[in-house]
Amino acid sequence: MIWNEAKECMPRDEIRALQSSRLVKVVNRVYHNVPYYRKKMQEVGLEPGDIRGVEDLSKLPFTTYEDLNAAYPFGLAAVPPSELVRVHASSGTTGKPKIGVYTRRDIDIWAECVARCLTMAGITRDDIIQVGYGYGLFTGGLGAHYGAEYLGALVIPMSTGNTQKLIDMMIDCKVTAIACTPSYLLHVAEDIEKMGVLDKIHLKAAICGAEPWTDEMRDQMEKRLRIKAYDIYGLTEIFGPGVANDCEYHRGLHIWEDHFLPEIIDPSTLEQQPEGGDGELVITNLTKEGMPLIRYRTKDLTSLEYDKCECGRTMARIQRFRGRTDDMLIIRGVNVFPSQVEAALLTINGMTPHYMLVVDRVDNADTLEVQVEVADNIFTDEISSLEKLSKEVHDKLRQAIGLNAKVRLVEPGGLEHFDGKSKHVTDKRNLYK
Amino acid sequence: MYIKQVSVFLENENGRLDDALRILSEGNINILSVCIADTADYGVLRLILGESERGCKILKDAGMAARMDDVIAVVVENEVGSFGKVVKMIQDEGIGIRYIYGLSIPTDGAPIALKTDDQEKTVKVLERGNVKTLSPEDMQAF
Ligand SMILES: [Zn+2]
């Protein structure tokens with residue numbers, strides 16, 4: 001099912017023409033309405049007239065988290081305050097929160113983008129959907145909520161924090177879809193199994209996002225809950241969830257190119273990469289009124305595919321995220337992404353995605369310890385089997401990241417997880433102090 | 001015959017053993033026998049309980065990794081060499097012993113818990129050798 005076929009299946013040349021005309025308009029708007037952007041453009045000697053289409057994109061300066069921080073809170077707003085109707089924010093790693101502001105039209109466009117994503121997951125106005133993202137400053141709750149209402153589905157705004165109630169209502173209301181983080185959904189699956197109520201749930205589909213996850217996690221949730229699971233992507237600065245979503249063919253996440261102009265750059269040289277090249281995803285807001293960002297560096301590492309998808313959509317597909325430029329750990333000179341570790345762990349039968357990487361520096365040498373939770377289904381009464389499990393984890397990691405890690409088995413529930421975004425790395429090296 | 005053993009995964013951290021034992025005593029579960037097998041980082045606590053199923057559930061509900069297995073409870077006579085005789089009896093049949101530990105329950109002779117590669121065959125071998133084993137009913141008496 002396709003929500004807006006005219007846009008989602010537009011021929012590539014028409015997409016490019018639409019992007020070009022929208023890019024020209026948004027560059028004009030920020031130049032004239034946002035002193036911060038005007039200054040940035042003038043610094044590199046650019047005038048709005050220099051940008052005639054997508055082919056001129058690489059002339060424009062980037063926007064980074066540092067810009068958001070410097071312009072906090074409303075310095076990048078492109079409309080008068082009276083036009084703004086909503087603020088969302090997510091926490092920055094340092095400094096001020098990353099903020100997004102929206103006009104009424106922005107909220108509508110966002111809702112349509114989410115509705116396209118939900119439709120991609122087979123969700124219709126006949127469905128009953130629980131939104132298990134936090135409601136509030138976080139874009140997840142309200143973003144999914146407005147999109148599902150726009151679609152016409154019945155929305156149950158669960159928010160986070162009460163899994164028991166979520167499962168009870170899932171059964172009582174015959175809930176057919178859920179939107180939440182992937183790690184939270186696995187936690188819900190565990191509780192459903194513990195309660196022995198799998199036969200009482202009517203769930204068909206899950207839309208999971210807000211943190212990276214793997215095919216192995218999809219397999220786990222699909223098997224354990226007997227559902228189809230889809231990946232939704234977004235970020236507060238650009239809009240929130242609904243920037244991109246994967247279709248039933250799972251060939252990458254279709255990004256709504258009529259609203260978001262994606263490109264890939266090499267994060268070290270900042271050069272635009274050719275089609276299909278690997279690097280950092282950069283997004284330009286083409287239609288946002290409240291706070292359109294020009295060439296925003298997402299820090300997400302991936303590539304883009306442009307061939308037509310089996311689902312009929314022509315919109316480019318964001319490929320598997322290889323990590324984040326700021327997530328990347330350099331251990332003994334080797335680049336390590338937590339996502340690689342997670343994927344390797346999940347190839348082990350019965351393994352949960354609850355793990356923690358502890359990186360330290362002892363006598364000037366980096367050490368890597370991987371803590372893995374011993375869930376009920378992998379616990380045995382024999383030390384030799386547990387030792388075998390440790391060795392298997394060690395070997396899989398060696399294959400995946402080329403490093404020898406110390407493996408430590410820990411009790412279930414010992415690691416932080418499922419509350420919002422999971423935390424998977426403790427770096428004790430203080431390399432930046 | 002088999003008796004039920006409840007095992008619990010414990011990190012080698014101060015107080016984790018206490019926690020497990022406290023959870024059981026708060027649940028009014030009688031602990032008949034305790035044994036710990038450990039490594040540098042973690043241990044497996046092996047318990048024989050008055051009520052195995054309920055004990056295992058209480059531990060799981062408290063968030064611990066716990067499971068229930070069958071072990072063979074053998075009563076070895078209080079005589080020099082009788083323990084070795086039992087071990088030999090099993091090994092002569094080509095059965096590997098996974099683990100073995102003494103049970104602290106009052107009975108004639110020395111009771112031990114035993115897990116092997118082939119539990120069924122082990123029981124038959126022991127029966128043939130006239131070695132006394134304890135049943136769950138026997139355990140109820142303690
Ligand atoms: Zn597709």
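Reply: Thr214(A) counts as buried because its relative accessibility is 7%; buried means under 20% relative accessible area, exposed over 50%, and partly exposed in between (1.4 Å probe, protein chains only). This is a predicted model, in which local features need pLDDT of at least 70 and side-chain atom pairs count only at pLDDT 80 or more, while totals for chains, interfaces and linings use all residues. Residues are numbered from 1 along each chain as its sequence is written, chains are lettered from A and ligands numbered from 1 in the order in which they are written, and side-chain values use heavy atoms, with hydrogens and water left out.

Thr214(A) sits in the loop between β6 (205-209) and α9 (215-225) of chain A. Helices (H or I, at least four residues) and strands (E, at least two) are DSSP runs, numbered from the N terminus. Leaving out residues up to four places away in sequence, Thr214(A) touches Arg320(A), Ser339(A), Glu342(A), Ala343(A) and Leu346(A), contact being heavy atoms within 4.5 Å.

Another loop residue, Gly350(A), is found between α10 (338-345) and β18 (355-362) of chain A. Gly350(A) counts as partly exposed because its relative accessibility is 26%. Apart from neighbours within four places in sequence, Gly350(A) is in contact with Asn377(A) and Ile378(A). Between the C-alpha atoms of Gly350(A) and Val374(A), 24 residues apart along the chain, the separation is 9.8 Å.

For the chain as a whole, chain A has 11 helices and 21 strands. Of the 433 residues in chain A, 57% are buried. Among contacts in chain A between residues at least 6 apart in sequence, 65% join residues at least 24 apart.

Next, the metal site. Cys247(A) (SG), His254(A) (NE2), Cys309(A) (SG) and Cys311(A) (SG) coordinate the zinc ion at 2.1 to 2.3 Å. Donors are N, O and S atoms within 2.8 Å of the metal (3.2 Å for Na, K and Ca), and water is not among the atoms, so sites may look incomplete. The 4 donor atoms subtend angles of 104 to 114°, which makes the arrangement tetrahedral; four donors count as such if all angles lie between 85 and 135 degrees. The ideal angle for four tetrahedral donors is 109.5 degrees. Along the chain the donors follow the spacing C-x6-H-x54-C-x1-C. Cys247(A), in the loop between β8 (240-246) and β9 (253-255), and Cys309(A), in the loop between β13 (304-305) and β14 (317-318), link distant parts of chain A, 62 residues apart. Cys247(A) is buried, with a relative accessible area of 0%, and Cys309(A) is buried at 4%.

Last, the interface. The contact takes 16 residues from chain A and 24 residues from chain B. About 1,700 Å² is buried between them, 51% of it from carbon and sulfur atoms; buried area is the accessible area (1.4 Å probe) that two parts lose on being put together, summed over both. In chain A, Phe379(A), Asp381(A) and Glu411(A) lose the most area to chain B, together 42% of what that side buries. The two chains share 7 salt bridges, each a side-chain nitrogen of Lys or Arg within 4 Å of a carboxyl oxygen of Asp or Glu. One of these salt bridges joins the side chains of Glu382(A) and Lys115(B) (3.4 Å, N to O).

Terms used. Tetrahedral: all angles 85-135°; square planar, octahedral: opposite > 155°, others 65-115°.
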